[in-house]
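Work through the exercises below with the sequence and the model at hand, and try each task before reading its solution.

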Amino acid sequence: MPALMVHLPSPIAEFWDWHLSAACRDADPAVFFHPDNERGELRARRARAAKQICQRCPVRTACLNYALDAYERHGIWGGYTEGERRTLRRMRDVERPLASTPPGE
Ligand code: SF4
């Protein structure tokens, strides 16, 4: 009888290991995700505070890549706001159009 070969996906913990070293592990999530209707200087100040944490984060690249690949629509990830990530995604999509189709499209 031939051996049954099963290919399982990588353990999910492996995918999320970078979180363990995140500089924001103990930070208030409200710094990274704006409340409804936050605008102007309040929003800019909150985003700057989040970006300061991200600047010293050892897993910033992994975080940003995750957010771009997952089409994270909210929050500061990898030191970039939602709008900044949209720009990065558009630039990336121009460079590799076949590999970056959003899920469900
Ligand atoms: S880059 Fe910023 S949002 Fe991402 S894990 Fe690091 S501190 Fe958190």
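**Exercise 1.** Decide whether cysteine 24 and cysteine 63 are buried, partly exposed or exposed, and state how many disulfides are counted.

*Solution.* The model is a predicted one, and the values here are computed from it. Begin with the cut-offs: a residue is buried under 20% relative accessible area and exposed over 50%, with partly exposed in between. Cysteine 24 has a relative accessibility of 33%, so it counts as partly exposed. Cysteine 63, at 13%, counts as buried. For the last step, a disulfide requires two cysteine sulfur atoms within 2.5 Å, and the count by this rule is 0 disulfides.

**Exercise 2.** Classify the aromatic pair of tryptophan 18 and tyrosine 66, and say which parts of the chain the pair ties together.

*Solution.* There are 3 aromatic pairs in the count. In the pair of tryptophan 18 and tyrosine 66, the centres are 6.1 Å apart and the planes make an angle of 40°, which is classed as tilted. Tryptophan 18 belongs to the loop between α1 (12–16) and α2 (40–55), while tyrosine 66 belongs to helix α3 (residues 60–69), so the pair ties together parts that are 48 residues apart in sequence. Both tryptophan 18 and tyrosine 66 are buried.

Notes
Residues numbered from 1 in each chain as written. Predicted model: local features only at pLDDT ≥ 70, side-chain atom pairs only at ≥ 80, totals over all residues. Heavy atoms only, no water. Buried < 20%, exposed > 50% of the residue type's maximum accessible area, 1.4 Å probe, protein only. Phe/Tyr/Trp six-rings, centres within 6.5 Å; stacked < 30°, edge-to-face > 60°. Helix = DSSP H or I, 4+ residues; strand = E, 2+ residues; numbered from the N terminus.
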